[in-house]
Amino acid sequence: MTQRFEYDVVVVGGGPAGSSAAYEAAKNGAKVVLLEKEETIAETVRTSGVTWIQNIKEFGIPDDCFNPIRNFSFCSPNNEVTISDTVPRAAVLDVRKTYRWLAEQAKNQGADVFTKTNINNVIKNDDGDIIGVSGTNTQGHVEFFGKVIIDASGFASIVGKAMNLVSQWKRFGAGAEYEVEAENIDKDTWWLMVGQEYSPAGYAWIFPVSEKTVRIGVGVGKPESQIDPTERLKELIERKTGPIKKLGKITPIEFHYGLIPNDGLSRKTVFDNLILVGDSAGQANPLVLEGIRYAIKFGREAGKVASNAIKNGTTDEKFLEPYEEYWRKDIQSKINAASKVQNRWIGLSDKEWDKELDIIKELRPEEFLDFIKADFGLTSMVKLATHHPKLIVRQLFNLIKGAT
Ligand SMILES: Cc1cc2nc3c(=O)[nH]c(=O)nc-3n(C[C@H](O)[C@H](O)[C@H](O)COP(=O)(O)OP(=O)(O)OC[C@H]3O[C@@H](n4cnc5c(N)ncnc54)[C@H](O)[C@@H]3O)c2cc1C
């Protein structure tokens, strides 16, 4: 027997985008359901969880959800740089705790949260517009009808695909990571490791989670490289390559694996009765494959615009458009600039990486962070491109300036 439910807003996917959309829509008075296929929210971790303390504070994420980071170390085959800040501005999230907190926030605003609910199809009206989704839960077949459906299913974009509105991402990052216990951890310092040995089209990382645990990972750009990130990660840990050696004895606790879109902001994200958000919309910074803060911020905006449209009695594409305008205005030029830097980085040989680190050495902490976060404001870029005391830095920022 089919179970049938009716809501104002149906959100598919209980990641940061989905929970944030459900939170804001429920807060704005809509009847909301959040659907997650796994047993619990964040049962499987597919991310390294690096984000920025300023955003954490804006979102109200509690202090016990992250480890603050103050030092940023980079190493290439024959070079090394550490940029030390006076205060921590970056953070490594306890991903489960944070994602569960986000879903709890939605619940507290009155959203229903259904886990173990795997959505695999859409329900359309006679005009071909989406009016619901269907799938299975522990009881059998389920249908959820809604005035607005929000696809927050991540890389899979399950709703957009079932509507034939989007196709599989062609360019993406594949990442593998072990969360490990290690003997010697510098809790304040992250490592990014670049060059062919670490990843031919990407980078490797060490992100400290606590005094006893770090995440060691490898990210590989597809289709640029055929390397399997899991195999490469195992090799690096076995050989104790570069800064991995400093960690001493390593005991793996948990394995993480995930895919992140890297096709630029190529997707349209609003349709009649439908919004795409987070990885489903491709809202990620390609330079460091960072998407959590965008998922939360634009998730909230999606929830707000959807619930406002419902209040106004019409959920046509035109009335959902303010969501797309909002996020494009916020990140489009920054992501375009980050793509330019990524294209430059993807082609670097080991020797060129050694030289690139010499440029990074010249950056002040706030310049480095703006760079890595793709927070490229046009004014600051023009300033850096014309006035930075070092010519090599001016050249780098000229490249970005041209893209903004
Ligand atoms: C290896 C790796 C490392 C990363 N590191 C970072 C980082 O350090 N910092 C950062 O900011 N970003 C990072 N990212 C990117 C970041 O994880 C994503 O941008 C972010 O998770 C996007 O959130 P989301 O809610 O859109 O999607 P997701 O987090 O993928 O959530 C989607 C949810 O939908 C559920 N779902 C999927 N299909 C269905 C279905 N059919 N029915 C019901 N539910 C479904 C999933 O189970 C999941 O819970 C990384 C990504 C990868 C792959």
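Colleague: Before that, what are the ground rules?

Modeller: It's a predicted model, where local features need pLDDT of at least 70, side-chain atom pairs count only at pLDDT 80 or more, and totals for chains, interfaces and linings use all residues. Residues are numbered from 1 along each chain as its sequence is written, and side-chain values use heavy atoms, with hydrogens and water left out.

Colleague: OK, the ligand. How many residues surround the ligand, and which are the closest?

Modeller: The ligand has 33 residues around it, and the closest are Glu-36, Val-50, Ile-119, Asp-279 and Ile-292.

Colleague: Which backbone atoms lie by a nitrogen atom of the ligand?

Modeller: Val-50 has a backbone N or O atom 2.8 Å from a ligand nitrogen atom. Ile-119 also places a backbone N or O atom 2.8 Å from a nitrogen atom of the ligand, and for Ser-48 the distance is 3.1 Å. A polar contact here is a pair of N or O atoms within 3.5 Å; within protein, one must be able to donate a hydrogen and the other to accept it, and residues adjacent in sequence count only if both atoms are side-chain atoms.

Colleague: And how much of the ligand does the protein bury?

Modeller: Taken alone the ligand exposes 1000 Å², and the protein buries 92% of that. Those areas come from the Shrake-Rupley method with a 1.4 Å probe; for residues, only the protein chains shown count as cover.

Colleague: Which helices and strands supply the shell?

Modeller: At least two residues each come from α1 (16-27), β10 (118-124), β18 (250-261) and α6 (292-311). β18 gives the most, with three residues. Helices (H or I, at least four residues) and strands (E, at least two) are DSSP runs, numbered from the N terminus.

Colleague: What's the shell like by class?

Modeller: There are 13 nonpolar, 14 polar and six charged residues in it. Ala, Val, Leu, Ile, Met, Phe, Trp, Tyr, Cys and Pro count as nonpolar, Asp, Glu, Lys and Arg as charged, and the others, Gly among them, as polar.

Colleague: On to the sheets. What's the order in the one with β10?

Modeller: It's an open sheet of four strands, β1-β12-β11-β10, with mixed pairing. Two strands pair if DSSP finds at least two bridges between them. β1 (3-6) and β10 are at the edges with a single partner strand each, so one side of each has no neighbour in the sheet. The twist averages 25 degrees from one strand to the next; axes are lines fitted to C-alpha atoms, for helices over the stretch in contact, and angles run from 0 to 180 degrees between N-to-C directions.

Colleague: How do β10 and β11 pair?

Modeller: They're antiparallel, over six bridges. Ile-119, one of the closest residues to the ligand, stands opposite Gly-135 in β11. Their hairpin has five residues between the strands, and Gly-128 there takes a positive phi near 85 degrees.

Colleague: And what about β11 with β12?

Modeller: β11 (residues 130-137) and β12 (residues 140-145) are also antiparallel, over six bridges. A hairpin of two residues joins them. Thr-136 stands opposite His-141, and Asn-137 opposite Gly-140.

Colleague: Is β11 covered or open?

Modeller: Mostly covered: six of its eight residues are buried. Buried means under 20% relative accessible area, exposed over 50%, partly exposed in between (1.4 Å probe, protein chains only).

Colleague: What's the order in the three-strand sheet?

Modeller: β4-β8-β5, an open sheet with antiparallel pairing. The edge strands are β4 (50-52) and β5 (66-69), each pairing on one side only. The twist averages 35 degrees from one strand to the next. β4 and β8 (residues 90-93) share three bridges, and Thr-51 has Ala-91 as its bridge partner in β8.

Key. A residue is near a molecule or strand if one of its heavy atoms lies within 4 Å of it.
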